[in-house]
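Open the model in your viewer and follow the selections below in order. Each stop names what to select and what is found there.

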Amino acid sequence: GMGAIITTSDMMTSAENKLNYINGGNKALTQDAMDKMYASSQNVRMGYGDMMSNVSKSMALAGDAFDNSTDKAIRFQEIMAEAYAVGGASAQEMSSSMYQLIQALGAGTLAGDELRSVREGAPLAYKEIEKFAQKIYDCDDSLKDMASDGLITADIVTAAIMQSGEAMDKAFAQTEQTFGQTWEQIKNAAIYAFKPISEMLRTALIL
């Protein structure tokens, strides 16, 4: 019990600290972002903790790819979560693949293991990136070939995914909700409700 409380509190604090730094210490903006991430995670049936972690890491490592907009980073994560759900990926598979994707965005290009993880976990997103890149480069090369040449930049990946948002929303709306996803939503509500208690405990420990 206490271990779970500490882990949850630390996870939320870590994400909040990163967002505070990104927002120049503006706690109102950070709280607004955390509220939006909660609503988004509930909509796409993913863990609120994963949403907070992925968005904060995306902004810290690849903020330029999202025009330094937390809202865009949230929407990107939302679309990708939908793509993983349509692809039948488990929560663990999505978490692992998103970690690799964020690392690739931070490095500036998508290739190798990161590209393969997207292809396996979110084939619909993979196809959208491929179509977008083919249009950009006016070619019919495969995404794998373009990636091996270093052509699939972070800007291309984010633009492709953001552009596919409406289509991904429709595809996701046709999926059946799993018991695992329902459990994630229940946990999200508990974590969100726990925030005031977490802040109170942290203040008490500091004092």
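## Whole chain

Read along the sequence, this predicted model follows the pattern α-α-α-α-α-α-α-α-α-α-α. The chain has eleven helices and zero strands. Its radius of gyration is 18 Å, close to the 17 Å that the globule rule gives for 207 residues, so the chain is as compact as a globular protein of that length. With the C-alpha trace shown, expect a span of about 60 × 40 × 25 Å along the principal axes.

Colour by burial next: 44% of the 207 residues count as buried. Among contacts with a separation of 6 or more, 67% are between residues 24 or more positions apart.

## Helix 7 and helix 9

Select residues 123-137, which are helix 7, together with residues 154-163, which are helix 9. How do the axes of helix 7 and helix 9 cross? They come within 9 Å and cross at roughly 115°. The two helices are therefore roughly perpendicular to each other, and their crossing is right-handed.

Now show side chains at the contact. On the helix 7 side, pick A125, E128, I129, F132, A133 and Y137. These meet I156, V157, A159, A160, I161 and Q163 in helix 9. By class, the contact has ten nonpolar residues, one polar and one charged.

An α-helix has 3.6 residues a turn, so residues three or four places apart point the same way. Keep this in mind while looking down each helix in turn.

## The buried residues of helix 9

Hide helix 7 and stay on helix 9. Which residues of helix 9 are buried? They are A154, I156, V157, T158, A160 and I161. Of these, I156, V157, A160 and I161 also belong to the contact with helix 7.

## T158

For the last stop, select T158, which is found in helix 9. Is T158 buried or exposed? Its relative accessibility is 4%, so T158 counts as buried. Leaving aside neighbours within four places in sequence, T158 is in contact with A65, F66, F76 and L105.

Technical notes
Residues numbered from 1 in each chain as written. Predicted model: local features only at pLDDT ≥ 70, side-chain atom pairs only at ≥ 80, totals over all residues. Heavy atoms only, no water. Axes fitted to C-alpha atoms, helices over the stretch in contact; angles between N-to-C directions. Helix = DSSP H or I, 4+ residues; strand = E, 2+ residues; numbered from the N terminus. Parallel < 35°, antiparallel > 145°, perpendicular 65-115°, else oblique. Left-handed = near helix turned anticlockwise from the far one by under 90°. Contact = heavy atoms within 4.5 Å. Nonpolar A, V, L, I, M, F, W, Y, C, P; charged D, E, K, R; others polar. Rg over C-alpha atoms; globule rule 2.2 N^0.38 Å. Buried < 20%, exposed > 50% of the residue type's maximum accessible area, 1.4 Å probe, protein only.
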